[in-house]
Amino acid sequence: MAPKGKLIIIGGAINTGSFTETQFGLPQNMNFFERGILKRITTESVKGTSSRFEIITTASLVPEKVGEEYIKAFAQLDVHDVGVLNIVNREQANDLLNCKRVKAADVLVFTGGDQLRLSSIFGGTAIHEILLDKYENEKVVIAGTSAGAAASSKNMIYQGNSKDALLKGEVKITAGLGFIDGVIVDTHFVQRGRIGRLLYATASSPGILGIGLGEDTGLYISNGNTMEAIGSGMVILVDGRSMSDTNLTDVEMGQPVSIKNMVVHVMCDGDIYDLTAHQLTIHHPKVIPTP
């Protein structure tokens, strides 16, 4: 049965790291706010601007600053019922009051930072179970940017140098939060040249669709299988189902990996990808002729 919840994953923004956030200025650095991704989160929520929002800053090293900026950003969209949950350990992820807040939320937003913090702090906790149940059975919106996006899938990239990504053993993968299966997500994708990370991850599990989210760009996922590109940049899809050969299992650790016949798609704003049919539909906007 298709999940009732909606998932919005965002590739991050300029000057925001995928593992640590040393700088964070939402209005200045997050063009996706101006481009409408945060507005899309609001309009897709069950009660619109009256929805209860919880910003989960667990991944961030500057949670107070991040929380404040999201509160300001959503206030500009006339959303004022916004709380910040800075859960820093597994005890807090099982706390009854925190669980109650997650249960009551209509929208939950995971901020950027370190995705390994999200998986290690939330994995298997009471809040994790509540989140999975809400996504399956309620009209909740779960959004994540940068680390929050990377952790949204069942499998998660948490480490790997972009330059050496196609050397065996360089890319590290672990379990994510598991809102969506059959995909693996990488962020800051175009700007940081992470195509090698996604090629390696997909070659090691060819049945998984690799998703590379550019900055200021996201995917709106409904019914668990319909992905719409939103924002100003690009989404790169790497489909390994037609891969015909690789030497991944033959070479030594640290040696280059060969891959034959990998399929790559590029999505932009308005394009739709069906995860069930594995079909991309490109949006062709009407060009208004200049007078």
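Rings of Phe, Tyr and Trp (its six-membered ring) are taken as a pair if their centres lie within 6.5 Å, and the planes are called stacked when under 30 degrees apart, edge-to-face when over 60, and tilted for the rest. The structure is a predicted model, in which local features need pLDDT of at least 70 and side-chain atom pairs count only at pLDDT 80 or more, while totals for chains, interfaces and linings use all residues. Residues are numbered from 1 along each chain as its sequence is written, and side-chain values use heavy atoms, with hydrogens and water left out.

By the pairing rule, five aromatic pairs are counted. One of them joins Phe-110 and Phe-179 in a tilted arrangement, at 6.5 Å centre to centre and with 45° between the planes. Because Phe-110 belongs to strand β4 (residues 107–110) and Phe-179 to the loop between β7 (172–175) and β8 (180–186), this pair ties together parts that are 69 residues apart in sequence; strands are DSSP runs of E of at least two residues and helices runs of H or I of at least four, numbered from the N terminus.

Phe-110 is buried, with a relative accessible area of 1%, and Phe-179 is buried at 6%, where buried means under 20%, exposed over 50% and partly exposed in between (1.4 Å probe, protein chains only). Phe-179 also pairs edge-to-face with Tyr-135, at 5.9 Å centre to centre and 65° between the planes. Since Tyr-135 lies in helix α8 (residues 126–137), this pair ties the helix to the loop between β7 and β8, parts 44 residues apart in sequence. Phe-110, Phe-122, Tyr-135 and Phe-179 form one aromatic cluster.
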